[in-house]
Amino acid sequence: MSTDWQVVWEVMKWPFVACLLFPPLLVYLGLHVVKREVIFVDLALAQVATLGTCVALLLGYHFDDRMTFWISLAVTFLGAGFFSWSRSSRKAAVPQEAIIGITFVVAAAAVILLLSRVAGGKEELEHLLTGDILNVTKGEIGQRLLVFAALGGFYSIFHKRFVLISSDPERAFADGVRVGLWDFLFYAAFALVVVSFVRLGGVLLTFSYLIVPAVCGTMLASEWMNKLAIGWGIAAAASLLGLWASYRMDLPTGAAIVVASGLLLAVVGIVSAARGRRMSSIA
């Protein structure tokens, strides 16, 4: 291995591992979000998690303190409970997406207000948005991998129940499923995923991993496993492109991966549109 590649590997190996191991669960959650048509719920939860972090910073804790994590998680659990409560069995005059959007805006504004009271608030805001995936450590990956594995097992065990609630909530209500309770469990576990990853990748990268690969998978496949496999492939490809661009052009790593995800989405959109026209012409 050449000296240049040795340097690249030493700098990028743990970010690369993180960008391969964590997206599958994020993509799975993103597929549910797309199916429920509440696209901004992950961004809203990520922003609520950021709000919790800001509360901890205002109380005098450091970003990397354990108490900061627990405060952020507690605030995000409140957001999860609110979102599960706001879902109704009947079509409401105000759609849930509007409530989620309002939550995001209010949380974002509250973050700005709180950070204006924290020394170095501008730098903290940038850190919370873009994260620091380039400096992720082996220990941080190990800790979060255990959490993600446990949550992955939870979602696997109750996959059919969550798919029913996401795909056909009317049937779930008619069958007597306690949708409110299952929604809270879904969003509570979702909150734990978001809080864990936001602290590494920031709000923007978390949202990108949750939505863009899931949208690509939905465009190109109909079965859940195929969507998940395509989404994971898109996330891995975007990560490789973003990490390469970050290293070669000295760019912010998280932002580079987000832009790479957007470019791949554009390519998938073109392929999907071309395939649709071809199928129409055959028919």
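Guide: A residue counts as buried when its relative accessible area is under 20%, as exposed when over 50%, and as partly exposed in between, taken with a 1.4 Å probe and protein chains only. Of the 283 residues of the chain, 45% count as buried. This is a predicted model, in which local features need pLDDT of at least 70 and side-chain atom pairs count only at pLDDT 80 or more, while totals for chains, interfaces and linings use all residues. Residues are numbered from 1 along each chain as its sequence is written, and side-chain values use heavy atoms, with hydrogens and water left out.

Visitor: What makes up the secondary structure of the chain?

Guide: Helices are DSSP runs of H or I with at least four residues, strands are runs of E with at least two, and both are numbered from the N terminus. The chain has 12 helices and zero strands.

Visitor: How do you know that the span of helix H7 agrees with its number of residues?

Guide: The expected span is 1.5 Å times one less than the number of residues. Helix H7 has 20 residues (138–157), so it should span 28 Å, and its end C-alpha atoms are 28 Å apart, which agrees.

Visitor: Which residues of H7 are buried?

Guide: Ile141, Arg144, Phe148, Leu151 and Tyr155 are buried in H7. They fall within an arc of 105° seen down the axis of H7, so they line one face of the helix; the arc is that of the directions from the helix axis to the C-beta atoms. An α-helix has 3.6 residues a turn, so residues three or four places apart point the same way. Exposed residues on the other side of H7 include Lys138, Gln143 and Ile157.

Visitor: Why is cysteine 19 called buried?

Guide: Cysteine 19 has 1% relative accessibility, so it counts as buried. Cysteine 54, at 0%, counts as buried too.

Visitor: How many disulfides does a search of the whole structure find?

Guide: A disulfide is a pair of cysteine sulfur atoms within 2.5 Å, and the search finds zero.

Visitor: Why is methionine 67 called partly exposed?

Guide: The relative accessible area of methionine 67 is 39%, so the residue is partly exposed. Methionine 67 lies in helix H4 (residues 66–86).

Visitor: Where is aspartate 250, and why is it called exposed?

Guide: Aspartate 250 sits in the loop between helix H11 (224–249) and helix H12 (253–282). Its relative accessibility is 71%, so it counts as exposed. Its phi is near 55°, a positive value in a residue other than glycine.
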